[in-house]
Amino acid sequence: YNFEAGGVSAALTALAVCFWALSLAHEALRVLAETDGRMGILAHFASPYVLIVQLPGIVLPFVLEAARRELTVNEYALIVSAVELLLLARLFQEGRHLPAFGGIVRTLALSLRELASVCAVLVVCLAVLAAIYVQLFGAFDPAYRSYWGAVVRVFTVAVQGSDYDSPGLDHSPAAWTIMHLVSNVLVYTILAQLVIAVLVGAYDQMREEAKERARLKSLADSFAPAAKRPTLRRRVEGVLLFAFAHQLYGDFSFRVARGVRAAVRAAAQEADADASGMKRAVSWRRHLAHAAHTGHVMLSRDLLDEALGPTVAERLVDEYGVVLPPKHLSNLSGADAEGGAPDAALAHQQQRPASGGVLGKIFAGTA
């Protein structure tokens, strides 16, 4: 293989470089949004996924073209297959944000450790059984004349079981019957079905987590929606600005994400403090503390202005608004009146597992 069409190659290379630069910029800015320090950024780009999957999938095609050396058909097939498998892994990594892929990717992630344990035992059994088949039947069964051929044949047993009829049955009926039963029971009936059981358990866990996320994305008690539905033109403009300029609500998206994350931490601390002195808290703060108890972190407009600036905060309030109806602010005591109620409140729904929070929907509105 030696591609010499210079004009086509140059055009494709220029197009690939443009998309590569845009994708790399998005990746770098996304890392800036999800991390707070330089060490977090370095840890991301030094992660096994980036080093083993992402960078080789991007760099390897350019390296091959720059080398300008002829490849045999076998070399070409191996390299192309490797690159396409890397791209398939990236497809699942990026596709976790889509509903169709997200559930599958999350199921695989939850079952990864258990699957690794089962597969380690399965690989050992395949290797040992393949060696036994070669020793017993390699002389008169073409399927077991080579060790790797025997490994593939035993792996087929793990996937779909094996037939009893074989040339080994004619030469050594007892040995073939024993190995047939052992391989089918151990590899197909036990280990292969155990892999399915692990995946089913992880899928059930994923569904429970999805239900919990759906609950957290619902509006907290006592609050009512009051958002302005954005127009189609505004949505299209927002998508284009994010795709080509990484702008979100009038600012760089990583700044917005960092600001919201800082405001969430401050609001969670205030809510925990209010929950410990619920009776002493003003009426509207009691509702915020109760929402935090159910997993919803509520952000006041003051926190938003301080963390994001008034312009970004106003656009968030317009698009994701909720209100605290007056009936929930009734019977204010003297302490309540001194504390006052905010001009506007922003509710940020956040899942808060022990390992850390996950940003979710944002809501805002007047009190």
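The largest cavity in this predicted model has a volume of about 50 Å³. A cavity is here a set of points on a 1 Å grid over the protein atoms alone, where a 1.4 Å probe fits but cannot get out. Grid points are joined across faces, edges and corners, and the volume is the space filled by probe spheres set on the points. Rolling a probe the size of a water molecule over the atoms shows where empty space is left. By this rule, one cavity of 30 Å³ or more is counted.

Helix 9 gives the largest share, three residues. Helices (H or I, at least four residues) and strands (E, at least two) are DSSP runs, numbered from the N terminus. By residue class, the lining of the largest cavity holds four nonpolar, three polar and two charged residues. Nonpolar covers Ala, Val, Leu, Ile, Met, Phe, Trp, Tyr, Cys and Pro, charged covers Asp, Glu, Lys and Arg, and the others, Gly among them, count as polar.

Residues are numbered from 1 along each chain as its sequence is written. In this predicted model, local features need pLDDT of at least 70 and side-chain atom pairs count only at pLDDT 80 or more, while totals for chains, interfaces and linings use all residues; side-chain values use heavy atoms, with hydrogens and water left out.

Turning to the nonpolar core, the largest one contains 17 residues, of which Tyr-133, Phe-137, Tyr-144, Val-154, Trp-176 and Val-187 touch the most other members. Such a core is a set of buried Ala, Val, Leu, Ile, Met, Phe, Trp, Tyr and Cys residues joined through side-chain atoms within 4.5 Å. Buried means under 20% relative accessible area, exposed over 50%, and partly exposed in between (1.4 Å probe, protein chains only). At least two residues of this core are supplied by each of helix 6 (112–137), helix 7 and helix 9, and the largest share, seven residues, comes from helix 6.

Three salt bridges are found in a search of the whole structure, a salt bridge being a side-chain nitrogen of Lys or Arg within 4 Å of a carboxyl oxygen of Asp or Glu. One of them joins the side chains of Glu-209 and Arg-106 at 2.9 Å, N to O. Glu-209 lies in helix 9 and Arg-106 in helix 5 (residues 99–110), so this pair ties together parts that are 103 residues apart in sequence. Glu-209 is buried at 19% relative accessibility, whereas Arg-106 is partly exposed at 34%.

Another salt bridge links Glu-237 to Arg-233, with the closest N and O atoms 3.1 Å apart. Both residues lie in helix 10 (residues 232–245), four residues apart, about one turn of the helix. Here Glu-237 is partly exposed at 38% relative accessibility and Arg-233 is exposed at 64%. Asp-251 and Arg-255 also meet through their side chains, at 3.5 Å, N to O; Asp-251 is buried at 18%, while Arg-255 is partly exposed at 46%.

Disulfides, pairs of cysteine sulfur atoms within 2.5 Å, number zero in the whole structure. Cys-119 is partly exposed, with a relative accessible area of 34%, and Cys-125 is buried at 15%.

His-246, although not a glycine, has a positive phi of about 55°. This residue lies in the loop between helix 10 and strand 2 (247–248) and is buried, with a relative accessible area of 6%. Tyr-249 likewise has a positive phi, near 55°, in a residue other than glycine. The loop between strand 2 and strand 3 (251–252) holds Tyr-249, which is buried at 13% relative accessibility.

Finally, Leu-324 sits in the loop between strand 5 (322–323) and helix 15 (334–339) and counts as buried at 6% relative accessibility. The C-alpha atoms of Leu-324 and Asp-221 are separated by 9.6 Å, with the two residues 103 apart along the chain.

Conventions:
On a 1 Å grid over the protein atoms alone, a cavity is a set of points where a 1.4 Å probe fits but cannot get out, and a pocket is an open set with protein on both sides within 12 Å along at least five of seven lines; lining residues have an atom within 4 Å of a point.
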